[in-house]
Amino acid sequence: MASSGLPSRTFHRRRLPSSAPSHPSRETCVPFCLPGAVSRRRAAVQLLSAGFLTAVSPPPPSLAARRGRIVVPPEDYVTAPDGLKYYDLVEGKGPTAEKGSSVQVHFDCIYRGITAVSSRESKLLAGNRSIAQPYEFIVGSLPGKERKRDFADNANGLYSAQAAPKPPAAMYTITEGMKVGGKRRVIVPPELGYGKRGMSEIPPDAPFELDIELLEVISPAEK
């Protein structure tokens, strides 16, 4: 075979001095870098899995309790003589609230699943601490008449009736016929609710749900 006339070249790998820091070649780097890459990938998968589990995990008990409220089908509501629609969640077994009776109740105004106004969040006069203060009124009376009183003594301290949350007008009539221990849900239209002003998270001219729990009844004869 004829020679090309070009000088042949021989390549030699130059070895670094022993004092120089060694740098592993690509072949020696793969087995050492691969576990690191896998561990980083595994960590990323674990983080994503943790986020997914957090997203699908059940809510805290307080939120679950709110979401677990009884849903009443519209056709199950009863229409009162004044046109209000109500449903008795719990039938009471105590005395019946009649027109002219003094009653104590707890009430919650719920708008789109949010408790906007509640007697369970009354405030003490001497501080910002909230207490569950029952609301007292006369069934069938003009709304807000009982709020004229200034102070009332109770076991929790000096309490201002004016500081109590304002109930909707519907509560003064729809409580009639309830029995102590009973719980009633009412669909409150804006004209018997908070009207054009709204209240807290309840916007103006908005209907909402009213939950009433009857705690005590004092008949007109007893008074």
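With which side chain does the side chain of arginine 120 make a polar contact at 3.3 Å? The partner is the side chain of aspartate 108, a polar contact being a pair of N or O atoms within 3.5 Å in which, within protein, one must be able to donate a hydrogen and the other to accept it, while residues adjacent in sequence count only if both atoms are side-chain atoms. This is a predicted model, in which local features need pLDDT of at least 70 and side-chain atom pairs count only at pLDDT 80 or more, whereas totals for chains, interfaces and linings use all residues. Residues are numbered from 1 along each chain as its sequence is written, and side-chain values use heavy atoms, with hydrogens and water left out.

Stay on arginine 120, which sits in the loop between strand E4 (114-118) and strand E5 (122-123); strands (E, at least two residues) and helices (H or I, at least four) are DSSP runs numbered from the N terminus.

Next select glutamate 213, in strand E11 (residues 208-218), whose side chain makes a polar contact with that of arginine 120 (3.1 Å). Leaving aside neighbours within four places in sequence, glutamate 213 is in contact (heavy atoms within 4.5 Å) with residues including His106 and Lys183.

Finally, select Phe107, Tyr135, Phe137 and Tyr172, which form one aromatic cluster; rings of Phe, Tyr and Trp (its six-membered ring) pair if their centres lie within 6.5 Å, and planes under 30 degrees apart count as stacked, over 60 as edge-to-face and the rest as tilted. Within this selection, phenylalanine 137 is buried at 1% relative accessible area and tyrosine 135 is buried at 6%, where buried means under 20%, exposed over 50% and partly exposed in between (1.4 Å probe, protein chains only).
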